[in-house]
Amino acid sequence: MGPRWKGKGSEAKALADPMSKIVCQLQSSLIQSDAQGLLSSCSVLYQADEEQAELLNRACFGRPIVSAEKDKQWFQFGMEEAFYLCYHLNCLKIVDGQDCETNFEELWHYMKSQNATFPEFYKAYQNLRMKNWVVRPGSQYGVDFVAYRHHPALVHSEFAVLVLSEGEGSNENGRLRVWSDFLCTIRLCGSVAKTLLVLTVNSNGNRSVSPSCLDSYSIEERTVTGWSPEQCRENPATKI
């Protein structure tokens with residue numbers, strides 16, 4: 001199942017403005033402004049200026065929050081998004097409620113305390129983002145993420161992503177343990193024209209005590225589709 005572009009000219013627009021270029025522009029803008037986000041429960045809030053708001057929307061980071069301020073736009077980042085901007089792109093500082101900057105280790109332990117599977121989910125998110133896929137929450141489809149080839153305004157999401165773990169404390173989310181789980185998920189993905197992508201993250205015996213452990217993690221990518229008998233039938237005999 002290939003990309004389903006939205007309207008004539010969408011593919012050309014995507015090729016002319018690659019996601020890697022947009023993310024680099026966003027990274028540069030955030031670094032120049034010494035951007036700071038506010039840690040708030042399971043998310044990070046960020047007040048962007050007009051230029052950054054446009055770049056965040058184009059790069060598909062965060063969710064805009066309605067505000068009365070016309071010259072500023074608030075964005076809410078999920079945990080994986082915020083940590084990617086902070087740790088991987090190193091373009092966003094994150095402060096707590098006392099306006100104290102959190103270092104990588106403190107932020108890592110905080111996010112683990114909010115979600116025990118954060119290390120595996122972040123590794124999966126990072127893996128896709130580094131390959132220039134746009135990654136958005138997938139709860140409306142019963143999966144962890146959905147992956148787009150480019151901006152959702154130009155193309156439909158191509159993959160419905162489930163994250164599984166191997167190693168110490170493996171598969172804490174308890175999914176896809178029996179074939180019925182696979183069949184239900186594949187059927188759901190098929191009904192919304194998406195391919196199921198299973199990302200299995202293996203800690204390789206490393207404890208997730210700091211974000212440096214991510215370098216030792218490995219990830220296996222598998223696409224899972226249903227078998228259709230119609231694809232294997234012989235051509236019907238020509239009637240005389």
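**Entry 1: the helix pair**

I began with the contact of H2 and H3, where Met19, Ile22, Val23, Gln25, Leu26, Ser29 and Leu30 of H2 meet Glu51, Gln52, Leu55, Leu56, Arg58 and Ala59 of H3. Contact here means heavy atoms within 4.5 Å. Helices are DSSP runs of H or I with at least four residues, strands are runs of E with at least two, and both are numbered from the N terminus.

I sorted the contact of H2 with H3 by class and found 8 nonpolar, 3 polar and 2 charged residues. Ala, Val, Leu, Ile, Met, Phe, Trp, Tyr, Cys and Pro count as nonpolar, Asp, Glu, Lys and Arg as charged, and the others, Gly among them, as polar.

A note on sources: this is a predicted model, in which local features need pLDDT of at least 70 and side-chain atom pairs count only at pLDDT 80 or more, while totals for chains, interfaces and linings use all residues. Residues are numbered from 1 along each chain as its sequence is written, and side-chain values use heavy atoms, with hydrogens and water left out.

**Entry 2: the packing geometry**

At what angle do H2 and H3 pack? I read about 150°, with the axes 9 Å apart. The axes are lines fitted to C-alpha atoms, for helices over the stretch in contact, and angles run from 0 to 180 degrees between N-to-C directions. H2 and H3 are therefore roughly antiparallel to each other (under 35 degrees is roughly parallel, over 145 roughly antiparallel, 65 to 115 roughly perpendicular and the rest oblique).

I also noted that H2 and H3 cross in a left-handed way; that is, the near helix is turned anticlockwise from the far one by less than a right angle, clockwise being right-handed.

**Entry 3: the salt bridges**

I counted 6 salt bridges in the structure (a side-chain nitrogen of Lys or Arg within 4 Å of a carboxyl oxygen of Asp or Glu). One of them joins Asp17 and Arg58, at 2.9 Å from N to O. Asp17 sits in the loop between helix H1 (10-16) and helix H2 (19-32) and Arg58 in helix H3 (residues 50-59), so the pair ties together parts 41 residues apart in sequence.

Buried or exposed? I used under 20% relative accessible area for buried, over 50% for exposed and partly exposed in between, with a 1.4 Å probe and protein chains only. Asp17 is partly exposed at 21%, and Arg58 is partly exposed at 24%.

I then looked up Arg149 and Glu158, whose side chains form a salt bridge at 2.8 Å, N to O. Arg149 is partly exposed at 36%, whereas Glu158 is buried at 5%.
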